[in-house]
Amino acid sequence: MIPTLRIDDLSVSFPRQGAAIAAVQNVSLEIAPSECVGIIGESGSGKTQVFMAAMGLLSKNAAASGSICFEGGELMRADAAALNRVRGSKLTMIFQDPMTSLAPHLAIGTQLAEVLVCHSGLSWRDAWSSAGRMLGRVRVPDPERRLRQYPHELSGGMRQRVMIGMSLLCEPTLVIADEPTSALDVTVQAQLIELLRAMRHEFGMALALISHDLGVVAGLADRILVMYAGRIVESARAAEIFSHARHPYTAEMLKCVPTLSGPRLARLPTLAGQPPQAGEISEGCAFAPRCPRVAARCRSERPLLTAAGAASVACHFPLPA
Amino acid sequence: MSGLNKAAARRLRSNPAAVFALYAMLALAALALLGPWLNPNSIEALDWLHVATRPGLQGAHWFGTDRLGRDLFMRTLAGARVSIGVGLVASVVSLVVGLSFGAIAGYRGGRIDHLMLRMIEILSGLPLIFFVIVLTVVFGRNEYLLFVSIGAVGWLTMARIVRGQTLSIRRREYIEAAVASGASASRIIVKHVIPNLIGPVIVYATLSVPQIILFESFLSFLGLGVQEPHASLGTLIAEGAGEMESAPWILLVPGGVLALLLLCLNLFGDGLRDALDVKES
Amino acid sequence: MTEALLRVKDLCVGFGAHAVISDLSFELFDGETLGLVGESGSGKSTLARAILRLLRSAQGSVEWRGKDLLTCSAAELRAQRRDLQIVFQDPLSSLNPRMTVGDAIAEPLRIFEPGLSAHARALRVGAMLERVGLAAAMGARYPHEFSGGQCQRIGIARAMILNPKLLICDEPVSSLDMSIQGQIVNLLLDLQRDAGTSMLFISHNLAVVRHLSHRVLVMFSGKLVEIATPDALFAAPRHPYTKALLAAVPKIEIEAKGAAAPLRVEEPPAAGRPGGCAYRDRCPYAWPVCASTVPPLAEAATGHWVACHRSHETLIPLSFPT
């Protein structure tokens with residue numbers, strides 16, 4: 001079976017003051033058809049850059065190497081025309097802030113219909129009515145009226161529904177959602193997670209869900225990739241990662257999240273120290289300075305992502321399964 | 001300030017045009033100040049043997065002489081001294097007045113801002129030339145009047161710029177933090193508002209020096225500024241304009257110096273703007 | 001915890017349809033941490049700014065140790081600020097980019113202890129920097145040289161250097177990464193324990209609020225809808241909005257997946273029609289009375305206040321049609 005997305009040895013770096021600052025280093029991953037993969041990591045871990053590279057949306061000064069195959073076709077060296085054929089139709093993206101990804105001066109319906117006219121060759125009239133049907137499918141009440149409204153007339157959650165609808169218009173095989181709910185309130189966030197779940201059942205597309213919020217990812221993902229300092233440090237089934245994290249970073253991070261149960265007013269368990277600054281290069285494991293299980297070997301030799309049971313982990317001394 | 005200014009200075013140094021402009025201006029200013037000691041000729045001395053001689057290195061007058069046999073080099077340097085002086089003094093006056101006026105109006109807001117803004121509008125409504133002529137008629141012609149009248153009007157634009165910048169800075173969270181810390185309005189203006197708008201303001205001030213020099217030249221050209229036997233670049237150009245056909249150098253020497261000065265100021269101002277224009281990451 | 005340090009009474013910001021906060025009253029006791037939760041646009045940050053009189057348009061009274069902060073003179077207000085400090089949401093933008101962080105932390109000292117020598121001040125600032133987990137030598141640097149978490153430590157150092165009586169934290173951890181949030185919460189807890197500072201902790205993160213509050217206020221559309229201890233609130237919320245809020249918190253436990261969760265069509269505008277309960281358009285339990293009368297905040301159990309016409313009933317959880 002051909003994976004929907006296959007990224008091989010991807011590295012991305014940005015020039016700064018003469019030196020190349022690595023944002024993503026040797027990342028390889030696969031997303032199977034209709035699989036939901038969650039990618040979690042802190043800001044600066046490179047999780048967004050991996051998928052920006054897949055969408056061909058890296059900033060102009062970025063240098064990327066490696067291979068990105070979408071449904072068997074190489075995107076990395078594809079020309080703009082080839083990229084535009086898949087981008088926006090079969091491979092789509094949902095951003096954190098829909099206000100900045102929807103054009104403020106165009107009606108919602110115009111923006112949705114344009115996608116269909118462009119990619120599916122529909123007539124404007126057909127595209128408009130399909131757009132209305134799509135808004136109904138993403139549970140936007142009164143879709144006919146919404147089509148004629150402008151982005152600023154909608155609430156944040158409603159705009160994100162429109163974005164989700166837009167990303168699904170051409171029945172994509174992969175949707176990349178970059179922090180789709182981080183700008184929204186918890187109640188709205190919960191509704192959107194439900195919506196994404198329902199859409200997966202209806203459309204059967206694969207979903208790459210990028211988030212720093214473990215809770216959001218936990219509710220949706222089949223498999224979870226954990227990124228730290230530009231590398232994947234752990235990859236495992238969602239159920240396993242939350243019960244038996246193998247990488248110390250994942251385990252420590254899970255301990256840090258305050259929950260609605262457990263003791264109050266006590267000190268929270270924390271992960272000491274700061275994530276490494278961009279451009280900080282270490283010989284060994286990037287997590288070594290903060291790791292409770294650190295040993296001499298971690299500082300000299302970089303651990304590679306290797307299979308450990310059902311999961312893969314990049315650690316010399318992973319936690320027992 | 002120092003850390004940020006170091007970065008700005010580094011960017012400025014890496015801009016060859018701005019560095020050249022800075023050194024050229026410094027050299028010109030040094031010449032204008034030291035000129036009288038370097039050249040035996042004085043501004044007023046009349047050399048009847050060399051009336052309206054062409055520029056040349058073999059004679060006593062490198063840049064030639066004017067109709068009355070006065071050394072053009074000396075007169076141009078003296079004129080540059082006056083022009084640079086007027087430009088600097090008027091810029092500093094407009095900087096100080098405009099900065100405090102604009103910052104107070106922008107920070108206090110409300111009625112005070114409204115009143116102060118109306119005042120600026122009324123003053124900028126007065127035609128400048130008319131204003132200068134009235135002053136000249138009332139107080140007679142003298143050089144200090146020139147400084148006063150240019151300075152008095154030059155701060156208006158500065159105050160508007162500062163007010164606009166202050167209005168946007170006032171909404172920043174660090175201003176709120178300072179208010180919550182118990183800082184007084186004057187402390188906030190001095191410590192928090194002004195340091196954050198000084199970049200654009202300095203740049204504007206640099207770019208306004210050439211405007212002021214031009215304006216001074218214009219007033220002198222009209223006969224409202226510097227008087228004979230003293231000279232400014234404007235009076236020299238006015239004088240030269242009359243001899244344009246017979247002795248073009250009398251126009252070209254001060255005109256060239258003025259053009260060089262303005263070019264340098266503009267290059268330096270642009271370089272400064274680019275150097276200070278950093279995104280506060 | 002008997003003496004009210006802060007007593008907010010009938011606070012209003014804005015009028016009529018534009019009311020951001022309307023008729024809001026609560027008390028904060030000495031040594032207490034009061035959590036304030038609510039969605040964006042509910043007026044949480046406006047409340048913080050109104051209490052500190054950083055807004056000009058607040059009506060009502062904010063009684064601080066017997067003095068009304070909203071009506072007292074500017075000089076008196078400034079004097080009171082020594083004991084009333086605030087930490088902001090965005091750590092970087094709350095620091096002056098052209099001031100070293102050492103100067104930023106020293107600013108309250110310069111204002112309230114002008115007699116302090118430069119040397120003594122530098123020592124205090126250095127000690128404070130170390131107290132919040134940074135090196136004393138970092139005081140010479142500028143805000144842009146620090147990460148978000150470090151900037152927030154600096155903001156906390158500035159707020160705590162005078163040992164204020166009340167610290168208002170406006171979403172202090174919302175913009176920080178998971179692993180940093182816990183560090184900042186711990187720092188606040190430590191400083192509070194040492195200085196005996198009371199806290200008004202505003203956040204949309206229910207878990208964090210639950211963790212460090214003695215009492216929790218729930219705000220919706222400019223009004224308080226529920227006040228209770230965390231134990232009571234999180235075990236048995238009484239207001240339908242609080243219930244919805246708690247149900248929406250994403251859980252890390254995986255077993256919730258696959259369960260037929262309700263898929264709701266979304267949110268009518270929070271600032272609803274005038275008259276009646278602001279939550280009625282979203283409320284699955286709304287009655288006709290909810291559209292006509294504003295429910296008053298009433299004590300439903302000891303120390304547990306609710307503003308809901310149906311709070312005395314046992315409301316069974318409703319599921320929604322998809």
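Helices (H or I, at least four residues) and strands (E, at least two) are DSSP runs, numbered from the N terminus.

Before going on, I noted that this is a predicted model, where local features need pLDDT of at least 70 and side-chain atom pairs count only at pLDDT 80 or more, while totals for chains, interfaces and linings use all residues. Residues are numbered from 1 along each chain as its sequence is written, and chains are lettered from A and ligands numbered from 1 in the order in which they are written.

**Sheet of chain A**

I followed strand S7 (residues 174-178) of chain A to strand S8 (residues 206-211) of chain A; they pair in the parallel sense over five bridges. Two strands pair if DSSP finds at least two bridges between them. I then traced the open sheet of eight strands in chain A, which has mixed pairing and the order S6-S7-S8-S3-S9-S10-S12-S11. Strand S6 (91-94) and strand S11 (306-308) of chain A stand at the edges with a single partner strand each, so one side of each has no neighbour in the sheet. I read an average twist of 20 degrees from one strand to the next.

I found helix H7 (residues 156-168) of chain A lying across S6 and S7 of chain A, at about 175 degrees to S6(A). Axes are lines fitted to C-alpha atoms, for helices over the stretch in contact, and angles run from 0 to 180 degrees between N-to-C directions. Two residues are in contact if their C-beta atoms, placed from the backbone, lie within 7 Å.

**Positive phi in chain A**

Most residues other than glycine have a negative phi. I noted that Asp142(A), which is not a glycine, has a positive phi of about 55 degrees. Asp142(A) lies in the loop between helix H5 (124-137) and helix H6 (143-147) of chain A. Asp142(A) counts as exposed because it has 10 C-beta neighbours inside 10 Å. A residue is buried if 20 or more other C-beta atoms lie within 10 Å of its own, exposed if 12 or fewer, and partly exposed in between, with C-beta atoms placed from the backbone.

**Chains B and C**

The contact between chains B and C takes 20 residues from chain B and 22 residues from chain C. On the side of chain B that touches chain C, H7(B) gives the largest share, seven residues.
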